[in-house]
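Here are my notes for someone opening this structure for the first time. Have a look at it first, then follow the points below.

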Amino acid sequence: MSGGTVFTPARVNLIGEHTDYSGGLVLPVAIDLGTTVKWQPLDWLIRVRSLAFGDVVAIRADGEGVATGWGRYVAAVAALLHEHGRTDDGIDAVVSSTVPIGSGLSSSAALTVSIALALCQAAAFELEPLELARLMQEAERRAAGVPCGLMDPACVLLGRRGHALLLDCGSEEYRHVPLPEGIAIVVVDSGVRHALEHSGYAERRAEVERGDPRRIRHVASENERVVQVAAALEAGDVDALGPLFRAGHDSLRDDFEVSTPELDLMVDLAYELGAVAARMTGGGFGGSIVVLADVGSASALADAVVAAYRERTGREGRFYVCETVDGAAVPR
Ligand code: GLA
């Protein structure tokens, strides 16, 4: 192989939050923000330069070596692929990304999956997308200590343009649900990152595993909402989406306690200003909301949400009107 380029999209979850790690249902879409890795072959070394951070990671091709910061993700990916039979071919790579870090758009899955695909290309090594997704779930745990679920790597690999990915994280069965015409998906980032993000996530997972009744109530009701949202999308019943997203947000705020006052405010503003549906998205403790809006008014609506949010909190939000794209494992 004489080198190549890999692009892995980010994802935004429509509904099914904090359900993946207990084998529940999720409904994310792959979006047109993403991470690109350009690579050339190297003998036995993995050398990755980040345009954003100006950092260089240099480790052995089997993942051994001292890595810090985002380099720990690269090392974890390389070590896991080595353990699963990849030959130790090195790469000299440059990574660049349009995914904002910590916004709830799975910047880390976009990074791990794109590094993994570059390493797989370099060694002419292939894994089934869901097997690769499982390894990347493990990479996140090894690199950052976050006991995350399968949703993010599965979506950035298996998403499909114009569709949401309905994935059962227990059976690992999935299908693509068509998105209705005329509806835009907008992400509005609250600009707030909470230190609790990682520890709070692990704590919630442990609470679910211990059977805390309120946490379980969220998971059960959320799984039900995923089924209902998928059915509404398939039927083109856009009016059903608002109440379902609203109930999902309220459950994350009250039963699961992973929302923030900023996310709550932005969701309320989105509904007041005419959104079809809105709720917090991703792991919570800061990050973004997802808004569904009529295509013709989506930008103006998001602008108005950001302006009202600034006026009420003094904080700068940012929005992205997303295009849906194919996942990285979908042949182009
Ligand atoms: C993070 C994790 C996912 C999932 C969501 C919450 O994005 O990486 O596995 O648990 O939080 O739905």
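1. Let's start at Trp70. Leaving out neighbours within four places in sequence, Trp70 is in contact with Val48, Arg49, Ser50, Phe53, Asp55, Val57, Val95 and Leu111 (contact means heavy atoms within 4.5 Å). Trp70 sits in the loop between strand S5 (56-60) and helix H1 (71-83); helices (H or I, at least four residues) and strands (E, at least two) are DSSP runs, numbered from the N terminus. With a relative accessible area of 12%, Trp70 is buried, where buried means under 20% relative accessible area, exposed over 50%, and partly exposed in between (1.4 Å probe, protein chains only).

2. A word on what you're looking at. This is a predicted model, in which local features need pLDDT of at least 70 and side-chain atom pairs count only at pLDDT 80 or more, while totals for chains, interfaces and linings use all residues. Residues are numbered from 1 along each chain as its sequence is written, and side-chain values use heavy atoms, with hydrogens and water left out.

3. Now the ligand. Which residues surround the ligand? They are Arg11, Glu17, His18, Asp20, Tyr21, Cys148, Gly149, Met151, Asp152, Tyr201, Gly282 and Gly283, each with a heavy atom within 4 Å of it. An oxygen atom of the ligand is 2.5 Å from a side-chain N or O atom of Tyr201. A backbone N or O atom of Gly149 is 2.9 Å from a ligand oxygen, and a polar side-chain atom of Arg11 is 3.0 Å from a ligand oxygen. On its own the ligand exposes 310 Å², and the protein buries 90% of that (areas by the Shrake-Rupley method with a 1.4 Å probe; for residues, only the protein chains shown count as cover).

4. Arg11 has another partner. Arg11 forms a salt bridge with Asp152, with the closest N and O atoms 2.7 Å apart; a salt bridge is a side-chain nitrogen of Lys or Arg within 4 Å of a carboxyl oxygen of Asp or Glu. Arg11 is in strand S1 and Asp152 in helix H4 (residues 151-158), so this pair ties together parts 141 residues apart in sequence. Both residues are buried.

5. Asp20 is also beside the ligand, in the loop between strand S1 (4-13) and strand S2 (25-26). Asp20 is buried but has no salt bridge, and the nearest side chain of opposite charge, Arg205, is 6.7 Å away (Lys and Arg count as positive, Asp and Glu as negative; His and the chain ends are not counted). What does the side chain of Asp20 reach? The backbone nitrogen of Met151, at 3.2 Å. Not counting residues up to four places away, Asp20 touches Val26, Gly149, Leu150, Met151, Cys169 and Tyr201.

6. Glu140, in helix H3 (residues 129-144), is another one to check. Glu140 is buried without a salt bridge, and Arg11, the nearest side chain of opposite charge, is 9.2 Å away. Setting aside neighbours within four places in sequence, its contacts are Tyr73, Ser108, Gly145, Val146 and Cys148.

7. Back to the salt bridges: the structure holds 24. One of them joins Arg60 and Asp62, with closest N and O atoms 2.5 Å apart. Arg60 is partly exposed at 43% relative accessibility, whereas Asp62 is buried at 12%. Another joins Arg225 and Glu222 at 2.9 Å; they are three residues apart in helix H6 (residues 213-235), so about one helical turn separates them. Arg225 is buried at 8%, and Glu222 is buried at 0%. There is also a network of salt bridges linking Glu203, Arg204, Glu207, Arg214, Arg215 and Glu257.

8. Finally, two backbone angles. Ala124, in the loop between helix H2 (107-122) and H3, has a positive phi near 45° without being a glycine, and is exposed at 73% relative accessibility. Glu172, in the loop between strand S7 (163-168) and strand S8 (174-178), is not a glycine either, and its phi is about 65°. Glu172 is partly exposed at 22%.

Notes. Polar contact = N/O pair within 3.5 Å; in protein donor to acceptor, adjacent residues only side chain to side chain.
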